[in-house]
Amino acid sequence: MSDSRIEKVRLGTDGPEVGAQGLGCMGMSFAYGPTDADEARATLERALELGITLYDTADAYAAGENEKFLAPFFAAHRDEVVVATKFALAMDPHDPAKRIINNEPAYIRQCAEDSLRRLEVDEIDLYYMHRRDVNVPIEETVGVMAELVREGKVKHLGLSEVTGNELRAAQAVHPIAAVQSEWSLFSRDIEAGVVPAARELGVALVPYSPLGRGFLTGSFTSAEKDLTEGDFRRGQPRFNGDNAAANASLLDPVRKLAEGRNATLGQVALAWVQQRAQVHGLPVVPIPGTRRPARVEENAAATRLLLTESEMELLEPIAGQVAGGRYADMSFTSAGRE
Ligand SMILES: NC(=O)c1ccc[n+]([C@@H]2O[C@H](COP(=O)([O-])OP(=O)(O)OC[C@H]3O[C@@H](n4cnc5c(N)ncnc54)[C@H](OP(=O)(O)O)[C@@H]3O)[C@@H](O)[C@H]2O)c1
């Protein structure tokens with residue numbers, strides 16, 4: 001075992017122990033343009049060598065293809081990895097830009113069976129409700145998820161993009177190991193209600209898009225100009241038009257700080273989210289997504305970058321200055337219901 005392995009963190013009070021950074025696998029099949037499958041497979045293997053053990057997917061990513069893509073890797077390392085997937089969200093087959101959200105009990109049961117089959121596992125280690133369907137009481141949704149635990153199909157429960165109050169109601173039905181929500185230098189809305197509730201209940205935070213979907217690394221400055229057609233980020237207000245130009249200039253202090261620390265912009269962004277969670281007194285496991293071994297090394301190394309108090313202060317105003325929302329339709333997020 002190499003010295004470069006990252007530290008471990010427990011998700012929730014009785015959730016699994018995982019490497020302090022996970023790996024977002026969505027981009028390997030979905031949303032961010034063409035993928036080299038061999039390179040993506042090499043990324044999975046390199047991540048594991050570095051001590052990354054939480055692997056994040058969802059049934060919605062390329063309509064189950066992402067789960068299928070990951071299955072051989074999980075089979076080869078079943079005892080070393082924590083498999084996290086999600087239900088509740090699907091793209092309308094007639095209009096991929098349209099999202100369908102469903103928390104009906106029968107649908108959840110079917111989704112769990114389908115994910116188990118595609119992932120080729122007997123049990124899902126961490127099963128998330130991906131999005132909240134407001135037509136179904138959260139207690140009922142978590143009740144069905146708890147039945148899946150009792151039936152041995154799921155080990156631990158998680159919720160994505162829930163409000164603080166929804167999290168409290170859920171936790172009253174069954175322990176929740178983790179809340180997965182967007183959290184980054186650019187997206188801090190969850191600090192108002194979700195983060196305090198998670199802290200109060202002993203639930204861990206799994207920040208998604210901690211690199212601002214790549215924007216915080218400086219690897220693209222305008223979705224329309226720099227990214228391929230069909231890339232999900234072309235539909236996100238903050239990465240397009242005048243918003244993107246204004247937001248790119250917000251990275252100046254991040255760049256300066258990174259240069260001073262001999263780090264990359266992405267590493268500063270990842271260190272920030274890790275430390276921001278510590279300020280709130282929360283266990284945290286960010287899940288940056290990458291398909292490239294060199295980048296997974298760079299990202300994992302960020303778990304060892306400690307920003308000073310004055311560096312954290314320098315980064316403090318950035319989120320408040322971001323132009324444009326993180327989604328075109330915020331009603332599907334916790335902030336949209338708070
Ligand atoms: N619960 C939810 O609703 C939800 C929503 C979105 C995402 N997620 C999960 O969260 C994971 C992470 O979020 P995300 O992928 O949206 O965004 P992210 O982690 O903020 O950024 C991913 C993007 O950054 C690039 N990147 C990664 N490391 C880099 C580096 N060191 N230097 C330069 N570029 C780098 C990646 O490109 P390459 O792949 O080409 O390296 C990719 O385009 C996803 O994979 C998914 O599992 C969950």
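**Reading the model through its contacts**

Biologist: Which residues does Arg46 touch, not counting residues up to four places away in sequence?
Modeller: This is a predicted model. Arg46 sits in helix H1, residues 37–49. Leaving out residues up to four places away in sequence, Arg46 touches Pro293, Val296 and Glu297.

Biologist: Is Arg46 buried, partly exposed or exposed?
Modeller: Count the C-beta atoms around Arg46: 19 others lie within 10 Å. A buried residue needs 20 or more, and an exposed one has 12 or fewer. Arg46 therefore counts as partly exposed.

Biologist: How far apart are the C-alpha atoms of Arg46 and Gly325?
Modeller: Along the chain, Arg46 and Gly325 are 279 residues apart.

Biologist: Is Thr85 buried or exposed?
Modeller: Thr85 belongs to strand E5, residues 82–87. Its contacts beyond four places in sequence include Thr57, Glu67, Ser115 and Tyr127. Within 10 Å there are 31 other C-beta atoms, so Thr85 is buried.

Biologist: Is Asp242 buried or exposed?
Modeller: Asp242 is part of helix H8, residues 241–249. Its C-alpha atom is 42 Å from that of Phe74, which lies 168 residues away along the chain. Asp242 has 9 C-beta neighbours inside 10 Å, so it counts as exposed.

Biologist: Are H5 and H6 roughly parallel or roughly antiparallel to each other?
Modeller: The axes of helix H5 (residues 164–171) and helix H6 (residues 194–201) come within 8 Å. They cross at roughly 25°. Angles under 35 degrees count as roughly parallel. H5 and H6 are therefore roughly parallel.

Biologist: Which residues in H6 does H5 meet?
Modeller: From H5, the residues are Gly164, Leu167, Arg168 and Gln171. Together with their H6 partners, they divide into six nonpolar, two polar and one charged. On the H6 side they meet Val194, Pro196, Ala197, Ala198 and Leu201.

Biologist: What does Val285 touch, not counting residues up to four places away in sequence?
Modeller: Not counting residues up to four places away in sequence, Val285 touches Val9, Leu11, Val18, Ala20, Gln21, Gly22, Leu54, Ala204 and Val206.

Biologist: Which residues come nearest the ligand?
Modeller: There are 29 residues around the ligand. They divide into eight nonpolar, 14 polar and seven charged. Helix H11 (residues 293–301) gives the largest share of this shell, three residues. Nearest to the ligand come Gly24, Met26, Leu211, Gly214 and Gly289.

Biologist: What is the phi of Ala62?
Modeller: Ala62 lies in the loop between strand E4 and helix H2. Most residues other than glycine have a negative phi. Ala62 is not a glycine, yet its phi is positive, near 55°.

Biologist: Where does Glu120 lie?
Modeller: Glu120 has a positive phi of about 55° although it is not a glycine. With 14 other C-beta atoms within 10 Å, Glu120 is partly exposed. Glu120 lies in the loop between helix H3 (105–119) and strand E8 (124–129).

Methods:
Residues are numbered from 1 along each chain as its sequence is written. This is a predicted model: local features need pLDDT of at least 70, side-chain atom pairs count only at pLDDT 80 or more; totals for chains, interfaces and linings use all residues. Axes are lines fitted to C-alpha atoms, for helices over the stretch in contact, and angles run from 0 to 180 degrees between N-to-C directions. Helices (H or I, at least four residues) and strands (E, at least two) are DSSP runs, numbered from the N terminus. Angles under 35 degrees count as roughly parallel, over 145 as roughly antiparallel, 65 to 115 as roughly perpendicular and the rest as oblique. Two residues are in contact if their C-beta atoms, placed from the backbone, lie within 7 Å. Ala, Val, Leu, Ile, Met, Phe, Trp, Tyr, Cys and Pro count as nonpolar, Asp, Glu, Lys and Arg as charged, and the others, Gly among them, as polar. A residue is near a molecule or strand if its C-beta atom, placed from the backbone, lies within 6 Å of it.
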